[in-house]
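Me: I have a structure to go through and would like to take it piece by piece. Can you help me read it?

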Amino acid sequence: MSSLRGVASICQPRQKIIVSQDKGNPRVSHRAINENRNLVTQYQIDGAVIKTGLRCDFLVTNEERKTAYLIELKGSDIDHAIDQLEATAQELKKELSSYSLNFRIVCTRDIMGPNSYKYKKFKSKYNGRVDKKERVIKEKIS
């Protein structure tokens, strides 16, 4: 089982804008806006926290509001992104149990559209705490 223990956050504790970006494709990113300068963390999940199996790219948390954002930066395979997010949530289930969990898929292009069965089922399962956009998601987390 993977753990966040012993893994350092890759952002500053009260950073105003936390950017999760694919090094291979800088046009695809998630930007978490921390207007109130809450205590935040950001972890590179893929290859740092979880090294094998399915896993998403990043985890961003607002420690004061107890919200967590699992982020997957993707080309166009939305079904695979969903599998990666769910596997990460399961792997970190114990550590994220006190957080309101949110899922973010940022893709270069959406070939399936918002009406795909798997995406609708995923969004329904998590009561709408799922967001999918092309290129950039920019959201307030404080």
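This is a predicted model: local features need pLDDT of at least 70, side-chain atom pairs count only at pLDDT 80 or more; totals for chains, interfaces and linings use all residues.

Reply: A definition to begin with: buried means under 20% relative accessible area, exposed means over 50%, and partly exposed lies in between (1.4 Å probe, protein chains only). Helices (H or I, at least four residues) and strands (E, at least two) are DSSP runs, numbered from the N terminus.

Me: OK, strand 8. Which side chains point to which face?

Reply: Strand 8 covers residues 136–140, and its side chains alternate.

Me: Which strand is joined to strand 8 by five bridges?

Reply: Strand 2 (residues 25–33) is, and the two run parallel. Two strands pair if DSSP finds at least two bridges between them.

Me: Staying in strand 2, is S29 buried or exposed?

Reply: S29, which sits in strand 2, is buried because its relative accessible area is 1%. Leaving out residues up to four places away in sequence, S29 touches V19, S20, Q21, L73, V106, R135, V136 and I137. Contact here means heavy atoms within 4.5 Å.

Me: New topic. How many residues of strand 6 are buried?

Reply: Seven of the eight residues of strand 6 (residues 100–107) are buried, so strand 6 is largely enclosed by the rest of the structure. Strand 5 pairs with strand 6 in the parallel sense over eight bridges. K74 stands opposite C107 in strand 6.

Me: Now the helices. At what angle do helix 1 and helix 2 pack?

Reply: Helix 1 (residues 78–91) and helix 2 (residues 117–125) pack at an angle of about 30°, with axes 10 Å apart. That makes helix 1 roughly parallel to helix 2. Angles under 35 degrees count as roughly parallel, over 145 as roughly antiparallel, 65 to 115 as roughly perpendicular and the rest as oblique. Axes are lines fitted to C-alpha atoms, for helices over the stretch in contact, and angles run from 0 to 180 degrees between N-to-C directions.

Me: Which residues meet there?

Reply: I78, D79, I82, D83, L85 and E86 in helix 1 meet K118, Y119, F122 and K125 in helix 2. The residues of this contact divide into five nonpolar, no polar and five charged.

Me: Last one. Where is R37?

Reply: R37 is in the loop between strand 2 and strand 3 (40–44). Its phi is near 55°, a positive value in a residue other than glycine. R37 counts as partly exposed because its relative accessibility is 43%.

Note on methods
Residues are numbered from 1 along each chain as its sequence is written. Side-chain values use heavy atoms; hydrogens and water are left out. Ala, Val, Leu, Ile, Met, Phe, Trp, Tyr, Cys and Pro count as nonpolar, Asp, Glu, Lys and Arg as charged, and the others, Gly among them, as polar.
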